[in-house]
2 protein chains.
Amino acid sequence: MALIVQKYGGTSVGTIERIAAVAERVQRTRRAGHEVIVVVSAMAGETDRLLGLARQINEQPNGRELDVLLSTGEQVSIALMAMMLESRACPARSYTGSQVHILTDSAHTKARILDIDGRRIRRDLEGGFVVVVAGFQGVDEHGNITTLGRGGSDTTAVALAAALSAGECQIYTDVDGVYSTDPRIVPQARKLDTVTYEEMLEMASLGAKVLQIRSVEFAQKYNVRLRVLSSFDEGEGTLITSEDEDMEEVVISGVTLNRNEAKLTILGVPDRPGIASGILGPVADADIEVDMIVQNVGADGTTDFTFTVNRTDYKAALDLLQRVCAGMGARAVEGDDRIAKISLVGVGMRSHAGIAAKMFRALADEGINIRMISTSEIKVSVVVDEKYGELAVRTLHSAFALDQAPAKS
Amino acid sequence: MALIVQKYGGTSVGTIERIAAVAERVQRTRRAGHEVIVVVSAMAGETDRLLGLARQINEQPNGRELDVLLSTGEQVSIALMAMMLESRACPARSYTGSQVHILTDSAHTKARILDIDGRRIRRDLEGGFVVVVAGFQGVDEHGNITTLGRGGSDTTAVALAAALSAGECQIYTDVDGVYSTDPRIVPQARKLDTVTYEEMLEMASLGAKVLQIRSVEFAQKYNVRLRVLSSFDEGEGTLITSEDEDMEEVVISGVTLNRNEAKLTILGVPDRPGIASGILGPVADADIEVDMIVQNVGADGTTDFTFTVNRTDYKAALDLLQRVCAGMGARAVEGDDRIAKISLVGVGMRSHAGIAAKMFRALADEGINIRMISTSEIKVSVVVDEKYGELAVRTLHSAFALDQAPAKS
């Protein structure tokens, strides 16, 4: 017997019929001899409906009150879910974030979980209840309602799994697992049986939006076994865990595509200390997030400095750079918002030389010019012209045989 | 400077525009130098929407979970109201029932308020905030969310006014006060400037549904000045208070009509101790509420016993009585569900003999036969055939000159 935390998203609890299907799955898990904690999101569309009401009042509504408002979405879901279980003769009790003391900091609309008091939940589990907890929400030390930001229900589930030493945290969603790449681009994309926390973090941040990234960090920190499965189909999904677990040893797990970035370059910056912060300081001050950063030392005492930002911030960043550039004696500013970033991710990369070389050759063979390169321990990212994005993904997926059974290391 | 509690019902907060109008009124009260606590109900239609979801799961949903569900309605309202005030530069903070410890018993869906911890509210008021509190809801000693039942927001407002020694508790609704009778029946019906708690209790229970009856009991118990006003018009409304206050001294305040009752009679019951409980015991056990009870001693050692019930319970009560009647050797059971109850209410009645006689004569002059009579200290009620109901009300309203300036005692 194990304790299982199951998290169901907004689509999975979007109608009374779907709530009944979730109840059926919970009861099946119970019949298999497990204790169950269910974490639910707001019914699909509800958060947007509430946000719409708030925005009729103010485009930037008061954060404390927005959290009071939005947290009702999950509260409706927990009540309906517990009601459904009860009416199917499965004892259940619902709890809001504040009722089970999901203590967070006071950063309204994007709070972070600090602590969970698991005693009440533990007592109910021992009493034979399924415990249904509202995702996405908590309470600060002053008793104010807080929310964790979009996707925060995943984090709630992982935090509960950690606090109560659950055997597994299962995230039910509308896809049946994590894929080697986007199946809409590469039909041969393969569902991965396992993936490491680190790989998942690299992939999530790069656009494979299956799980909220913070929940993966949390799972890694507290070593929570995390599984992504479909609410609508059967299947084992994808297990996200640490490398120590007995898992298939693959070199490359996946290839991701991100078309939401734009790139900016300052040319001919005098090459002296403080340049990077001189450029990026004003960008950060303007609340523009930067992703890749590349700097090459030039021969003539100047350097070119390139970075990428969200495409929505492109215009603002370009305007800002024109001013910064003038102040530091740089030659020119140029930018391009028609780019795509392709990344190859895999923990096996660490011990395998030549991955990057093989990647660059495969792209060159297709005539795809690389505009920018950046690497980490388990990732190689390249920027190419946007029009080559999908071709690049298909090329690499095939070059590294990601559609086939895992390559053993 | 006084502390004013203002309660706004579902219609008053039914749209963002109406919430803005409420905010305007709250700010006007503040500009007049008062501190304000706002109590709000769920937006019109919201409670029914939530109940509809619950009933798709189960016609009799789990009470604990129903309270978790329904309490979200008011939580949405407090958030929007506080947001609206904040965005109009009026500092405001919202609180759920559990956040300000509106402690209730654990009778889910019909809980009673036991205590309120006013410290947090007091601190916010001193800090210059308008405090917005969710009506209708509380929390039991175990931290479970409870609700007070329909109309419970009035009780929340009065309880807060009592706990914080407010100068006045204002109930904003869609009528502009308490009337001498239903203006739909008697166009000359007069709005009362003041009315006593006792009169209001008699009138509320008899069908003048302006205020939740429990809130009036609460106001009387803690001597809270209660005022009913319109959300949509200006005006002083009706002040409900104790007799000691300097108020117009009227003999009769109002006449009410209740068409929702049915009457049952057991004829020829052996006249011995225990008869009343022998008849009413089984009725109470069947959860049928009884209103008027009349018993006359007959000449032949038997008696006739008559009582009224809600018309919806008529059939069930009649079936039950047939069985009870057989067991106690009564002669027959008869009933009538086409009746109307007319009541004359007024504290002045206590010191004025002849009110009942004048009432009976006025009805007789119109040829209205009285089928049943029951009196209390400040009320005389008669039952007549349903078809005479409205005529009886008009007759009495005119006979006691209720459309004119108050008759001095």
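## Ground rules

This is a predicted model, in which local features need pLDDT of at least 70, side-chain atom pairs count only at pLDDT 80 or more, and totals for chains, interfaces and linings use all residues. Residues are numbered from 1 along each chain as its sequence is written, while chains are lettered from A and ligands numbered from 1 in the order in which they are written.

## Where the chains meet

The A–B contact draws on 25 residues from chain A and 25 residues from chain B. Residues here are in contact if their C-beta atoms, placed from the backbone, lie within 7 Å. On the chain A side, α2 (46-57) and α3 (63-87) each put in at least two residues. The largest share, 14 residues, is from α3(A). Helices (H or I, at least four residues) and strands (E, at least two) are DSSP runs, numbered from the N terminus.

What is the class make-up of the side of chain A that touches chain B? There are 14 nonpolar, 9 polar and 2 charged residues. For the bookkeeping, Ala, Val, Leu, Ile, Met, Phe, Trp, Tyr, Cys and Pro count as nonpolar, Asp, Glu, Lys and Arg as charged, and the others, Gly among them, as polar.

## α2 against α3 in chain B

Over in chain B, the axes of α2 (residues 46-57) and α3 (residues 63-87) come within 9 Å and cross at roughly 155 degrees. That makes α2(B) roughly antiparallel to α3(B). Axes are lines fitted to C-alpha atoms, for helices over the stretch in contact, and angles run from 0 to 180 degrees between N-to-C directions. Angles under 35 degrees count as roughly parallel, over 145 as roughly antiparallel, 65 to 115 as roughly perpendicular and the rest as oblique.

From α2(B), Glu46(B), Thr47(B), Leu50(B) and Ala54(B) do the touching; their counterparts in α3(B) are Leu66(B), Leu69(B), Leu70(B), Thr72(B), Gly73(B) and Val76(B). Sorted by class, the residues of this contact are 6 nonpolar, 3 polar and 1 charged.

## The eight-stranded sheet of chain A

Chain A has an open sheet of 8 strands, ordered β3-β6-β2-β1-β9-β11-β12-β10, with mixed pairing. At its edges stand β3 (92-95) and β10 (194-196), each with a single partner strand, so one side of each is left without a neighbour in the sheet. From one strand to the next, the twist averages 20 degrees. Strands pair if DSSP finds at least two bridges between them.

Inside this sheet, β11 (residues 226-230) and β12 (residues 238-241) of chain A run antiparallel and are joined by 3 bridges. Leu226(A), for one, has Ile240(A) in β12(A) as its bridge partner.

Chain B has an open sheet of 4 strands, β13-β18-β20-β19, with antiparallel pairing. Its edge strands are β13 (254-258) and β19 (372-376), each pairing on one side only. Between β18 (residues 339-345) and β20 (residues 379-385) of chain B there are 7 bridges, and Val345(B) has Lys379(B) as its partner in β20(B). Helix α10 (residues 355-365) of chain B packs on the sheet, touching β18, β19 and β20. Helix α11 (residues 389-399) of chain B packs on the sheet as well, touching β13, β18 and β20.

How do these helices lie relative to each other? The axes of α10(B) and α11(B) come within 10 Å and cross at roughly 130 degrees, so the helices are oblique to each other. Lys358(B), Met359(B), Ala362(B) and Leu363(B) of α10(B) make the contact with Ala392(B), Thr395(B), Leu396(B) and Ala399(B) of α11(B). That contact divides into 6 nonpolar, 1 polar and 1 charged residues.

Definitions and conventions
Contact = placed C-beta atoms within 7 Å.
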